[in-house]
Amino acid sequence: MTDQGSADLLQKATQWWSTDIIDMKPGVIRFRGFPIEQLIGRVSFPQMIWLMLKGDLPSAEQGALLEAALVSAVDHGPQAPSIAIGRMAVTCGLPLNGAMASAINVLDDIHGGAGEQCMELYADIARRQDAGIELKAAIQQGLDDFAAANGKIVPGFGHRFHPIDPRSPRLLELVDAARRDNVVSGRFAEIGRGVEAEMQQRKGRKIPMNIDGATAVIYSELGFSPALGRGLFILSRSVGILAHAWEQSQQGGRIKGPMPPGIPYRYTGPGPRDFAK
Ligand SMILES: CC(C)(COP(=O)(O)OP(=O)(O)OC[C@H]1O[C@@H](n2cnc3c(N)ncnc32)[C@H](O)[C@@H]1OP(=O)(O)O)[C@@H](O)C(=O)NCCC(=O)NCCS
C-alpha cells in the first residue's frame, strides 16, 4: 500500500467511532472533558450517570433527586420475574454475569417498561400544554389518545401488592421539596397527579401512582428523554439483581424452578390416549 493509501486508511479507521463522552490517551481519561482524577471522590455515582447521559454535571440537588429515584427501584423481591430469573439462573450454574444478563433481558415492555411508557405519556401531555391546551384538557386528550393506541391500562398507575405503593408518596414529597428549592419546575409532578385524578374520575376509584409513575415524574422533571426511562430503571434494578444472584450463589441450590416441585401446574392438553402404530 502507498503511503497515501495508508494515511487514508488510518484516517478512515480513526473516524470509524466518534464520541463526545470519553477522551482517552495513554495516561489520560477525560469524561466530557473532566479528568477522571478530578471526578473521583467529588461526584456521586448518580451525578456520574447524569454526566455520561446528558453531557454535563448536575447540581448536587439534581443529583440527589436522581439518586432518590434510583434507590427506590433497586428491588421488589424474589417474586419479581427478573429477580426470580437471576436467582434461577444461578442455580442452573450461571456465573453472576450470566445471571444478571438473563434477568435484565426480561426487563422489556411489560416488566420494567412502564416507567418509560409513562414518561412518554407525560411528555405527550406536556406537548399538548405547550401547544396552548390547558392542563386538564391536555390530560384528557393524552389519556384518550393513549387508550386508543395502547388499550385502557395506563402505565405507572395501580399495583398488585400495594394498595398504596409506599415509594410513590415519598418520591413525590422529594419532588415537591425540589420544586420549592427551584431545583425542578414541578410541571411533571402536576401532570402525574392530574393523570391520577382524571383516572379516579373516570374509574370511580383511585388507581394510585406506582413506583414507575413516580420515577417517571422525577426523570421527566430532570429532563431525561423518555427513551432513557427503561435504561435508568435497569441501572437501578441491576443492584437488586446482583444482590439476589449473589445471595443465591451463597445459599447454593441446584436447578430451582419457579415453584417447589411438589406444587403442580395445570395441564390443559388432551387426556391420556394410546399411541397406535
Ligand atoms: C399492576 C397492575 C397489573 C395491577 O392490575 P390489577 O391487579 O388488575 O389491579 P386492581 O385489581 O387493583 O384493579 C383492577 C381494576 O382497576 C383497573 N386498573 C388497574 N390498573 C390500571 C391502570 N394502570 N390503568 C387503568 N386501569 C387500571 C383494572 O383494569 C381493573 O378494572 P376492572 O375491574 O374494570 O377490570 C395494573 O395496575 C397495571 O397494569 N398497571 C400499569 C402497568 C404498571 O404500571 N406496571 C408497573 C407496576 S409497579
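Modeller: A pocket is an open set of points on a 1 Å grid over the protein atoms alone, where a 1.4 Å probe fits and protein lies on both sides within 12 Å along at least five of seven lines; lining residues have an atom within 4 Å of a point. The model is predicted, so local features need pLDDT of at least 70 and side-chain atom pairs pLDDT 80 or more, whereas totals for chains, interfaces and linings use all residues. Residues are numbered from 1 along each chain as its sequence is written, and side-chain values use heavy atoms, leaving out hydrogens and water.

Colleague: How much space lies in the second largest pocket, and which residues are closest to its centre?

Modeller: Rolling a probe the size of a water molecule over the atoms shows where empty space is left. A volume is the space filled by probe spheres set on the points, which are joined across faces, edges and corners. Here the second largest pocket holds about 290 Å³, and of its 14 lining residues Met88, Lys256, Gly257, Pro258 and Met259 are the closest to its centre.

Colleague: Which helix gives the largest share of that lining?

Modeller: Helices are DSSP runs (H or I, at least four residues), numbered from the N terminus. In the second largest pocket, helix α5 (residues 81-91) supplies the largest share of the lining, four residues.

Colleague: Is Glu116 buried or exposed?

Modeller: Buried means under 20% relative accessible area, and exposed over 50%, with partly exposed in between (1.4 Å probe, protein chains only). Glu116, which lies in helix α7, counts as buried because its relative accessibility is 12%.

Note on methods: Helix = DSSP H or I, 4+ residues; strand = E, 2+ residues; numbered from the N terminus.
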